[in-house]
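Please read the following report alongside the sequence and the coordinates.

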Amino acid sequence: MAPADPADSLEAFYEDAPCGYVSWRIEDGAVLRANRTLLRWIGPGAAAGAGRFRDLLTPPGRIMHETRHAPRLRAGGPVEAVALELACAEGQRLPVLAHSHLVPDPRGPGAGEGMLVRTSLFDATAYRRYEEGLLAARRRAEAAEAEARRAQAQAEAAARAKAGFLAAMNHEFRTPIGIVSGFAGLLRTEAEAGAPMAHRLDWLRDMEAASEHLLVLLEDATLFARLDDMARRMSLRVVAPRRLIDAALILAAPVLERQRIVVVTSALEGALPLLADPAMAAEALACALREMARLAVPDSRIRIDGAGQPGSIRLTCPSLDLAEGALADLRAPLAPSAWLSRGLQGSGLGIAVAQRIAELHQGALRIEAAAPGGLLLALDLPSPGPD
Amino acid sequence: MLSDLSLNQHNVRRMGRGRVPVLLAHGYGCDQSIWRLLAPRLAEDFSVFLFDHVGAGGAAAPFDPQRHATLHGYAEDLLAICRALDQGPLVFIGHSVSASIGLLAAARAPALFSRLVLITPSPRYIDEGDYVGGFSAEDIEALLALLQADQQGWAAAMAPTIMGNPDQPELAAELEQRFCRLDPTVAVGFARATFTADNRADLPWVRTRTLLLQCQDDPIAPPAVGAYMRDRLPDAALVTLAATGHCPHLSAPAETAAAIRHFLRDLIGSDGR
């Protein structure tokens, strides 16, 4: 080996090390020596004012020093990788990791008092950046996990909704089937006994109503079963409320005609557009309209308002007053308390379909008592953004 | 009693068999091991109980981000410990943020406390108007950012430190081998609760006799804070120690113990216990 080069002395190695070195007294924090690297980091102005170790630090760095660094040193150290922050010239801050250990002060006795601290400071800028990247990645992973949990909860809710639907269907279908078969049996018995049939017109009317109800149930059940597929094919567009209302009126026409309902529309021209799948939204509106028509007495009036509230198409029937219990059943059509109390006046499945379609649009179907009286069904759908 | 859930969850330990119970509460950044130099001195005259706040030392109590978002959650923990100890009114000695926690607890349940000793306390760290807390709001946000980015680094900082003390072998037996443990996931939340707290309005409600101990040169709790608290607590005395720094119970344990013993001298009987 070549003889030692004075330029490569231990002194030079200390002064120009890639980390900062500082020695200080633990009893009062007085800085005894700092290497050139550290002085270069903090700048001449800051160096001149740094009489004590903590004077090298920013206020947050001082808090970390007093609460984490100094207590561990007082306990005997060593202390490794404590995050501190140096106060540099012109208000700059340098994050560092500090490693400190105690050595006896040659001028003082014993341990605990009169000890020197030798601290090595490593520029932690890249380390901090890496830490921040790790934290950002962890936050993204946690957000993804939360989204996965939410999706799973949605899937479970959909499965529960289907199970509730099937339970409601079981009861709903039995009622009209029971009526049809029951009266058919009675008619057969009387016909076989030779009884005249003209006075049994009321039985025949009930059988006809039950048959029509069965058809409605089949349509609603079919629509409900198609909802998942419809959701997968959903295509959102900016659509005028007028267009949805016109389509819904066509879809609900048979029920409206049978009940002789008068439909009045208002404020459609000035209504703000909605963001919706036109076919699904029209179907939801038709379901709500059909349910309202079935609940109302014949010759009632239903008003459709498209401009009263942005993003909301409102159906109001002033003559249809429901008690709070009936309103609650209408809001939860698939709950046992609702379908157990129903006869042929309406399955409520149309409400369930309208609610589900509204949810798929991130909207809602509101069912409220209208002011000053009557029933309000409001289909709330999102409005398109500025783009 | 020591098998009570609250006591186990907060790693409550006991030193000394004096008649008067004393409960030591550590501050932010450390655990009960910070009392390693002061506790044995007090154990000569008192029954000294130590515990760890949630997330510190050997505490197993769960950290609740909502409950522990403010110091009130920590005060509830403290009250649960006091009730579980069932020692009658006790002397509470709290360092730094534990001073504020003790104030909140004493305001809520004064019957549990006979005296308060608050070491380097501060009811608010952030300057506001004429009030000098010592830090700006930006300083505290920078501190939280420093903590946030160093959550992984704490694992290295928590490497075990041997706490041998040949003169007092029971100390090593009583206290953890690891020193100043603080769960990184709790550190940021505890720091936010500590350094953004404002308990100035609680001071007039604390009627327990109180000793305020401050240091001449404390970079975290400026001298003006001690006077501020003394003037607003109904029954308080202020003593400025010759010690410097924020932890006189580490840097000057003899002076700190003497000041505390002087304050509690009427509680110590003629037999010294």
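In this predicted model, helix α5 (residues 201-232) of chain A and helix α11 (residues 349-360) of chain A have axes that come within 9 Å and cross at roughly 10°. The two helices α5(A) and α11(A) are therefore roughly parallel to each other. Angles under 35 degrees count as roughly parallel, over 145 as roughly antiparallel, 65 to 115 as roughly perpendicular and the rest as oblique. Axes are lines fitted to C-alpha atoms, for helices over the stretch in contact, and angles run from 0 to 180 degrees between N-to-C directions. Helices (H or I, at least four residues) and strands (E, at least two) are DSSP runs, numbered from the N terminus.

From α5(A), the residues Asp220(A), Ala221(A), Leu223(A), Phe224(A), Leu227(A) and Ala231(A) meet Leu349(A), Gly350(A), Ala352(A), Val353(A), Arg356(A) and Leu360(A) of α11(A). Two residues are in contact if their C-beta atoms, placed from the backbone, lie within 7 Å. The contact of α5(A) with α11(A) comprises 9 nonpolar, 1 polar and 2 charged residues. Ala, Val, Leu, Ile, Met, Phe, Trp, Tyr, Cys and Pro count as nonpolar, Asp, Glu, Lys and Arg as charged, and the others, Gly among them, as polar.

Residues are numbered from 1 along each chain as its sequence is written, while chains are lettered from A and ligands numbered from 1 in the order in which they are written. As this is a predicted model, local features need pLDDT of at least 70 and side-chain atom pairs count only at pLDDT 80 or more, whereas totals for chains, interfaces and linings use all residues.

The model scores ipTM 0.80 and pTM 0.62. The pLDDT is the predictor's confidence in each residue, from 0 to 100. Chain A has a mean pLDDT of 84, with 91% of its residues at 70 or more. Among the elements of chain A, strand β1 (residues 20-25) has the highest mean pLDDT (94) and helix α10 (residues 336-339) the lowest (63). Chain B averages 86, and 86% of the residues score at least 70. Over residues 152-177 of chain B the pLDDT is below 50, and this stretch has 44 contacts in the model beyond near neighbours in sequence. Where pLDDT is low, the predicted coordinates should not be read in detail.

The contact between the chains takes 28 residues from chain A and 30 residues from chain B. On the side of chain B that touches chain A, the elements giving two or more residues are α5 (137-149), α6 (153-157) and α10 (248-251) of chain B. The largest share of that side, 6 residues, comes from α5(B). By class, the side of chain B that touches chain A has 18 nonpolar, 9 polar and 3 charged residues.

Glu66(A), in helix α3 (residues 59-74) of chain A, touches Pro219(B), Ile220(B), Gly245(B) and His246(B), not counting residues up to four places away in sequence.

Chain B has 11 helices and 7 strands, and 53% of its 273 residues count as buried. A residue is buried if 20 or more other C-beta atoms lie within 10 Å of its own, exposed if 12 or fewer, and partly exposed in between; C-beta atoms are placed from the backbone. The largest nonpolar core has 110 residues, of which Val22(B), Leu24(B), Val48(B) and Ile93(B) touch the most other members. A nonpolar core is a set of buried Ala, Val, Leu, Ile, Met, Phe, Trp, Tyr and Cys residues joined through C-beta atoms within 7 Å.

Pro21(B) belongs to strand β2 (residues 21-25) of chain B. Its C-alpha atom is 7.9 Å from that of Pro89(B), although Pro21(B) and Pro89(B) are 68 residues apart in sequence.

| Residue | C-beta atoms within 10 Å | Class |
|---|---|---|
| Glu66(A) | 24 other C-beta atoms | buried |
| Pro21(B) | 21 other C-beta atoms | buried |
| Glu90(A) | 7 other C-beta atoms | exposed |
| Asn11(B) | 19 C-beta neighbours | partly exposed |

Some backbone features lie in loops. Glu90(A), between β3 (79-87) and β4 (93-104) of chain A, has phi near 60°, a positive value in a residue other than glycine. The peptide bond from Ala371(A) to Pro372(A) is cis, with omega near 5°.
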